Structures are given as C-alpha cells and as structure tokens.
Amino acid sequence: MRASRVITIILGFFMIIAGFYCLFNPAITYLTLGYVIGFTMIFDAIGGLIFWNERKKKGLSDGWALVGAIASLVFGIVLIGSAALQLLVDIAIIYLVAIWLVVIGIIRIFLANKLRKTKDAQVAELLGRHWLLLMIAGILLVICGILSFMDPTGLIVALGIHFGLNVIIVGANMIAAAA
C-alpha cells in the first residue's frame, strides 16, 4: 500500500474519531465549531493534495483540484489562528440555520397551499399528494426557526450532532477512497 493511501486512511480515522467526539458532545462541538471546521478544512486539504498528486502522476489531475486543496488549507489555518473568526463562525451558523428554517418553512407553506388548490395531476405528483402534511411541516419549521432565534440551545445541540455525523461520513469516505 502506498504511503499516500496509508496517510489518507489515518486521516480518515482521525475524522471518524473527531466525528464521534462531536456526536457525543454536541454543545461543546458548537462552542468549538470554528476550531473543528478549521481542522476539517486542513484534513480535507491534505487529503486533496495527496489525491491531486496521485492523479497528477497518472496525468488525470487538473488545476482546480489543487486550487481547492490550497484554499482549504489557507482558510483552515486562518480560522484556527483567529479566535474572533471562530466566534464569528459560531454565531453566524446558528442564526443562518434559524433563518434557513423560517425560509424553508414559509416555502413549504406556500407549496402546500398551491397543492391544496391545484387540480393538475402533474403538479400534485411533483409536490406530493398530501398537502396537509406539507403544511404542517412548513408551520413546524417556521416555529422551530423562530424558537431558535429566541433560545438557540436546542438548535446548538442539533447542529453539534449533525456536524458530528457529517465528519464521520467524510472520514469514512476518505478511508473508502484510499482503500
């Protein structure tokens, strides 16, 4: 097995371990999310550089993959080095997700209303047949988004768990790609 594959597998295992840590400590994950994102960017950059180099040797690489890996490395180092940027990332994420919940909820409410009024079978097939379920989901999303603005604790825990699961998946993908 080539050294690059071994390094990528090791990095993948570190990602999985980090993901489980995030999963079991979601509040701490949120509080250190900027730091975790910075390290994730660096691990992704190292893996990207290794795969770019491997593809380059085979004549299959392009400049965009290299630029992406370098950008991830630079942004990761800058983020880890700045406590102010880490705090900014933490605050921005919670409010962006809250806004997203409200916007998606409103869109689902409008879609449910459109579905309720439509007689067109194709539109009903595209949007789903149960407009009431779509309406309830939209209302619940709006309520969750508003509650997240008022008290972001639940959303903080949910984001920590979600982030942990995503890091585990990225680590598993790194291992699978290197194997």
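Predicted model: local features only at pLDDT ≥ 70, side-chain atom pairs only at ≥ 80, totals over all residues.
A helix crossing is termed left-handed if the near helix is turned anticlockwise from the far one by less than a right angle, and right-handed if clockwise. Residues are numbered from 1 along each chain as its sequence is written, and side-chain values use heavy atoms, with hydrogens and water left out.

The crossing of helix 3 and helix 8 is left-handed; helices (H or I, at least four residues) are DSSP runs numbered from the N terminus. The two helices pack at an angle of about 15 degrees, with their axes 12 Å apart. Axes are lines fitted to C-alpha atoms over the stretch in contact, and angles run from 0 to 180 degrees between N-to-C directions. Helix 3 is therefore roughly parallel to helix 8 (angles under 35 degrees). Contact (heavy atoms within 4.5 Å) is made by Leu33, Val36, Ile37, Thr40, Phe43, Gly47 and Phe51 of helix 3 and by Phe163, Val167, Met174, Ala177 and Ala178 of helix 8.

The largest nonpolar core has 19 residues, and Ile94, Leu155 and Phe163 have the most contacts inside it. Such a core is a set of buried Ala, Val, Leu, Ile, Met, Phe, Trp, Tyr and Cys residues joined through side-chain atoms within 4.5 Å, where buried means under 20% relative accessible area (1.4 Å probe, protein chains only). Helix 8 gives the most to this core, with 6 residues. Beyond its neighbours within four places in sequence, Phe163 contacts Cys22, Thr29, Leu33, Val36, Ile37 and Thr40. Cys22 is buried, with a relative accessible area of 2%.

Definitions and conventions: Buried < 20%, exposed > 50% of the residue type's maximum accessible area, 1.4 Å probe, protein only. Parallel < 35°, antiparallel > 145°, perpendicular 65-115°, else oblique.
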